[in-house]
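I set out to record what I looked up in this structure. The entries are kept in the order of the searches.

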Amino acid sequence: MKSGSNLERVIMSGRPAVTAELGPPMSADPHEVMKKANILRGFCDAANITDCQTAVVRMSSIAAAVIALREGLEPVMQMTCRDRNRIAMQADLLGAAALGLKNCLCLAGDHQKFSAAGKLKGHPGAKNVYDVDTCQLVGILKKMRDEGLQEGGDKLEAAPKLFVGASWTPMADPIDFRPVNLLKKVNAGADFIQTQGIYDVEGFRSQMEKIRNMGLHERTAILGGIIVPKSAMMLKYMDSSVAGVSVPKSLINRMNKAKEEAGDDKKKAKELQEAEGIKITVELIHQVLETPGVRGVHIQAIEWESAIEKIVKAAGLYPRPDIPEV
Amino acid sequence: MIIGSQKPIEEIWDMVKDFKKVLVFGCNTCVAVCHAGGEKEAETIASLIRMRAAQEGKAMEVNHMGVMRHCEPEYFDPVLDEVRKYDLVLSTACGVGVNFLSERIGNVPVYPGINTSFYGAVEAPGRFVELCAGCGNCILHLTGGICPVARCSKTLMNGPCGGTNKGKCEVSQEIDCAWYLIVERMKKLGTLDRLSEVLPARNWSTSRDGGPRRVSLEHIREYEEREEKKVEQAGGKKQ
Ligand code: SF4
Ligand code: SF4
């Protein structure tokens with residue numbers, strides 16, 4: 001075992017792994033994290049704790065991850081390359097491991113411009129760092145863990161035992177380069193991969209075929225990304241605006257139908273769409289898990305953590321395996 | 001070349017308004033090509049300041065001048081005595097010129113009359129684009145001649161990130177994704193396979209280090225020092 005994390009144990013057991021996501025609050029109050037952790041606990045093997053997603057300042061991933069851990073939910077801390085240089089990164093990784101964190105997902109991070117894309121003022125004038133990129137960060141983590149060495153070559157007295165992850169957008173362009181993109185992350189040392197949300201299962205499967213031909217599915221554990229759709233509007237937005245995500249017309253139509261069935265009743269429209277969204281999610285989970293080479297799913301119910309229980313149960317993925325540490 | 005862009009006249013006025021005798025000093029190389037700070041633009045800025053001074057009822061003498069380059073002493077040395085007669089020099093050279101002149105002018109302040117934007121090229125008449133960030137360790141041979149330091153929004157060495165959308169960068173539909181361009185270019189050159197190597201973490205000390213970076217050409221330095229010594233031994237001062 002590289003880290004002995006619950007996520008690693010489940011993956012190594014050969015059973016499909018389930019990860020979820022917990023977004024820390026724009027607040028110094030731990031209760032929000034505790035609440036979400038309790039909603040997710042038992043329904044996933046680990047939950048990603050986002051690191052100032054969309055470049056919006058929130059409680060730090062490491063701090064929120066420790067709070068989640070105390071509530072009995074295994075966290076996957078996230079670390080973006082946007083906000084830290086290699087000195088801060090390695091210091092934070094040592095601290096995170098010392099606090100008991102065992103999984104780390106490495107990301108480039110959304111550009112600081114995103115922080116002001118919605119209703120927030122954000123910090124679009126912040127200076128980004130990008131001292132290293134995702135592949136390099138994965139490599140640094142692997143070197144720290146396996147060789148007990150810092151990036152610069154200095155020795156670590158105790159190495160951080162972290163299960164190292166990276167993200168992958170299988171269907172962004174240049175589409176024919178995306179398998180190489182994954183190859184680089186795997187070569188750098190990614191133990192697991194969480195993909196961008198998949199709606200176009202056919203497209204995903206054709207990319208996975210290339211991945212299998214390269215043998216990458218055996219060198220890393222690929223968890224297919226599932227983003228729980230909440231409304232027809234959300235699906236349309238994802239289709240038109242989110243990089244690497246295309247949503248088949250049939251899914252948008254299904255959501256539209258659910259909405260129309262409610263007539264003018266807004267509350268009912270919301271309920272019907274949410275119910276349809278969960279149905280679609282469960283179907284997607286099955287289709288993704290049936291794809292050869294996939295070792296689990298990463299389910300993101302953005303600001304809707306309470307949906308996870310229903311989804312995981314309906315998908316037949318409950319209870320989660322309990323694999324003792326050896 | 002170095003691309004500059006004009007500062008708002010309000011900002012310039014704020015800088016100059018308390019001086020009596022102002023020289024707007026243009027540079028006729030890079031910043032002239034991009035119409036930001038050549039002698040012609042210096043003239044325009046000088047007349048804008050004069051108009052503003054008249055409006056505000058301030059007595060102010062504002063003149064302009066230009067030399068070929070502000071980054072080599074031989075170009076501005078001949079006019080230095082003239083330049084020193086002013087209370088303020090508003091230099092429309094790039095930041096290099098402002099720094100360089102400041103160190104040599106004596107007790108006259110030199111203020112920046114333009115914004116120094118980047119190293120770029122003339123993409124189309126009147127349109128300039130940044131193509132290099134002067135990182136001090138060029139890797140263009142590894143990236144199909146397209147610079148990820150200057151042109152990728154995240155200076156990624158192993159791109160593209162997941163944000164590429166139809167060839168554009170996640171930051172804006174107006175920005176080409178540098179890594180999309182790199183992949184397409186290397187595909188055409190038949191060198192795409194080279195991109196499967198992970199480029200290691202960079203040594204950024206060539207890009208931003210302690211104090212200013214310097215390049216020293218030993219053979220030229222040696223020759224100059226020899227010459228200086230000769231002159232010294234002859235008891236004179238080198239011209
Ligand atoms: S790699 Fe460095 S030197 Fe080369 S073009 Fe890019 S910024 Fe300029
Ligand atoms: S979309 Fe392209 S240019 Fe923009 S940050 Fe990602 S790799 Fe760089």
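The entries below cover the chain interface, the cysteines and the ligand surroundings.

**Conventions.** I worked on a predicted model, in which local features need pLDDT of at least 70 and side-chain atom pairs count only at pLDDT 80 or more, while totals for chains, interfaces and linings use all residues. Residues are numbered from 1 along each chain as its sequence is written, chains are lettered from A and ligands numbered from 1 in the order in which they are written, and side-chain values use heavy atoms, with hydrogens and water left out.

**Interface.** I looked up the contact (heavy atoms within 4.5 Å) and found 31 residues from chain B and 30 residues from chain A. The buried area, which is the accessible area (1.4 Å probe) lost by two parts on being put together and summed over both, is about 2300 Å², with 55% of it from carbon and sulfur atoms. I note that B:Lys154, B:Val198 and B:Ala201 supply 19% of the area that chain B buries against chain A, more than any other three residues.

**Salt bridge.** I searched for a side-chain nitrogen of Lys or Arg within 4 Å of a carboxyl oxygen of Asp or Glu. The rule finds one salt bridge across the interface of chain B and chain A. A:Asp176 pairs with B:Lys187 in a salt bridge, with 2.9 Å between the closest N and O atoms.

A:Cys81 is in no disulfide either, the nearest cysteine sulfur being that of A:Cys106 at 7.2 Å.

**Ligand 1.** I listed residues with a heavy atom within 4 Å; among them are B:Cys132, B:Cys135, B:Cys138 and B:Cys147.

Definitions and conventions. A disulfide is a pair of cysteine sulfur atoms within 2.5 Å.
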